[in-house]
Amino acid sequence: MSGQYFNLPKSIPWRQIAVSPDMMDEKFCNKRFPFPWRSSMAISVYEPKPEELPEELCGDQITYIKVTTSITGYQPTKEEIGLLDHIVGPTGVQFPDFPEEGFRGFIDRIAQDYFACYGVMLNVAVFPSSNKALLERNRIDFSKLREQGAPIDAPLLKVGTKLEDPYEESGVSFNSGQPSNDLVNLITLDNNTDAELDLKKEMVIEIPDTSGIAAVEAKIIYLESTVVKMEAFSADGLVGTKSSELEPSQVHKLIIEAEGIQKVIITTSGGKSSLLEFAYFVLGKEEATDLENFPHIIDFEPKRRDLYQAATEAGEVLTGSRSALSTNKALTHTESTENSVSFEAGVKAVIPIPEFPIGVNASVSTKQTHKETDQDQWSVQTDASRERRETQGTTTQLSQMYNLLTGYHAGTNRAVFLSLARPHVLQPTDYRTFVQGLRAIEGMQEYFLIVSRPKGVKGLCIEASLETGHYPENAVIVEPPEEYYETHFDFPVPTMRVPGGSGSDALGNGAGDGKCEDLSFIRPLPEDFIVDQRQERKIKEGEDIDSGWQEGHPGVALISGHSENVTALNYSVIAGTLVVSAKLCSGRGSSSVGGGAAGDLAIFQGAIFRVFMRSELPKTSHAESHADIGSLFITSRKLCTCFKSGKCIEIIPPPLTPPPEREEDPDIIEFIVDEPKIRINKALMTKSAIRQNRAPLAKEFLSKVQSALTRSHNSISRHSSDDKVGFLESDYFKNQIKDILPKEYLETPISKIKGLPERVIKTLGASLTVDQALSIDLARFSRKTGLGVEEASNARRLLLGISIPDDKSGRPNSKEQ
């Protein structure tokens, strides 16, 4: 075993032991393939040889498990689409006034819906294989043979004794095909003289009592480089083969487990070999397995993939890396300083001598340069081949999808892996869902697990459950209106008067003209609010005069006041100020002999203006968003398998779960188990919030998907896989059809629906309307009515006014239709 540490790493030769059966194409060249848009799983295992494991494991067996998952979106199957076509057939829609062509187009749109995957949860659990103990029925030790019929205290047969051929002991027959069976001694260590049965070239062993025989065991030894092979046969033929290793002068134990063994043949390829012991076993009763004997998942990969977004005040970034595969180390440091000083001076003087000008120049320059370099290098050279020998035992490749992923529960017998979509990564298409910036989960992801089990456990059973969360690609979200804190302020206007024109004198001389004055009223508005000019606060026909602002005066209404002779009245808000302006004109005086009357007085009194205002920022709201689908599809599939350890791993049926019989066209074994509602903060869905930053909405959606996947197991609305809820039984399909039903039909009492089971009418109430009954989800509908999920689904179809055959013959699912 010490040499193992210096062997080259071994590429793991995986043995696939299970795969999703509905994804297998069983018919060649029929141009039909299994439905592509369903997830699938495959399980592969590998077990290192015991001699390759370190002694510190104390004999525990190590198993490598690889779970390969293919993640896709969700879409109705061909069979479901065929049933959708039946809805618009002769026995389909029960509403004669409903246009069939429009309904067919609607059904076609539903059939083309694609539900992208945004969350994955994988559960993997390992258990000990069948715990039925092997009970020894009989063991023949050739070192303890006595003369047949001799008392128990008679001397043992010695080496060199010749026995009859065939020789029978305790009902078991040994036939070498030679004149005699000989007792020999090949183990001479420590002066050992125990007798052994010479195997010659072939030994045929027959067991007369075959009832319940489940295993045979032979202890052999040989002296030369040879191979001893043991074959076991039942009434149906060969049931098992085991061969010894090329290790002479060692005792080898060959064991074959199979039901109904009747005959064993041991052959040698030459050289001396002998049989020390032979035994056969029967199965005992199933024994409870203590937790101490359960296998444990001691490690797995991947453990975690996360995405971190730097959000610090000054933009600091902290980085770190770790790699167990690198042993190189290098350090390089260079320090350089350079100082430079430069100085220049020049003087020029001209002496005014007429015949001879003299010029003088002076220049000074200095420069200093200092450069220091310090370099320290440390280099380590390694032999890559030797490094792999010393640090790696086995290698393999895993297919990875770089989505957010977290693993849980290492050290137990189960592991959980949760994957979510990647934010901040754009899709190939412009719009995949209402949440732009999320990339759907599509592709293959593999998981690697290391399992340790006690040496007494001969095999493992593996259970894998894959749940995927889906959301429709074409979901249309009705953007919730932004909500604000609303208020109003009333501003009364002081009474304004303009006297009328004067009358004529006693002689009837001249009447005075009326007077007109421009009046104005200005009031500043509170600074904490802004004028609300939204259409939803505009007064509507039939409402009270003070309920909203008036046409032509955004945000302002005249709610009371009496005016006479007012013209050009205008009121509005300008720059945060209420401005009211008007022209007030009095009447002219009259003319008559004896004195005319004065003109009418112009009065503007009791006027109150109301200004409607709101907060500048919208409210923070956590109310539920509104979409054409408020639910996440959670689909589930399982894969179970068992195997028994050995030189060649043997696949065995899982206990209590015999493999299902395959039909000509196998059914999909992936079903919808839950449809939890997705509720998103409305404040994150407004146009202004999305324009500012789309990331909060994407993160909110991821959080809701994670919450839905993790809480689904305890949800009272969750279905069992045995309920076989498909697309046509889903609440999503029910809601799509309900949205287009006529209003008068939805208001019909359920007691008038033909063919509806009396149990439904009695438990829900005869006066309950179709609309109210269809508002109940499938799980609650089943619980309230006491019907099974399948019966409840059929009842809901009757309420929807449609008929879908319950088999492929086209027969409706209601006798009265």
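Author: Below we go through a few labels and what stands behind them. Keep in mind that this is a predicted model.

Reader: Let's start with Arg637. Why does Arg637 count as buried?

Author: Buried means under 20% relative accessible area. Arg637 has 1% relative accessibility, so the residue counts as buried. You'll find Arg637 in strand E40, which covers residues 633–644.

Reader: Now the sheets. How do you know that E14 and E15 pair?

Author: Two strands pair if there are at least two bridges between them. Strand E14 (residues 228–234) and E15 have six bridges, in the antiparallel sense, so they pair. For one of the bridges, look at Ala232, whose partner in E15 is Gly240.

Reader: Which sheet do these strands belong to?

Author: An open one of six strands, in the order E8-E9-E12-E17-E14-E15, with antiparallel pairing. From one strand to the next, the twist averages 20°.

Reader: What makes E8 and E15 the edge strands?

Author: Strand E8 (167–169) and strand E15 (237–243) each pair on one side only.

Reader: And how do you know that E33 and E37 pair?

Author: By that cut-off of at least two bridges again. E33 and strand E37 (residues 577–585) are joined by nine bridges and run antiparallel, so they count as paired. Asp518 stands opposite Lys583 in E37. The open sheet here has three strands in the order E33-E37-E36, and its edges are strand E33 (516–524) and strand E36 (566–574).

Reader: What lines the second largest pocket?

Author: There are 46 lining residues, and the closest to the centre are Pro50, Lys242, Ser645, Gly646 and Lys647. The pocket has a volume of about 1,900 Å³. E16 gives the most to the lining, with six residues, while E3 and E15 are among the elements that give two or more.

Reader: How many of the lining residues are charged?

Author: The lining has 18 charged residues, along with 18 nonpolar and ten polar ones.

Definitions and conventions
Residues numbered from 1 in each chain as written. Predicted model: local features only at pLDDT ≥ 70, side-chain atom pairs only at ≥ 80, totals over all residues. Heavy atoms only, no water. Helix = DSSP H or I, 4+ residues; strand = E, 2+ residues; numbered from the N terminus. Axes fitted to C-alpha atoms, helices over the stretch in contact; angles between N-to-C directions. 1 Å grid on protein atoms, 1.4 Å probe; cavity = no way out; pocket = protein on both sides within 12 Å on 5 of 7 lines; lining within 4 Å. Points joined across faces, edges and corners; volume = space filled by probe spheres on them. Nonpolar A, V, L, I, M, F, W, Y, C, P; charged D, E, K, R; others polar. Buried < 20%, exposed > 50% of the residue type's maximum accessible area, 1.4 Å probe, protein only.
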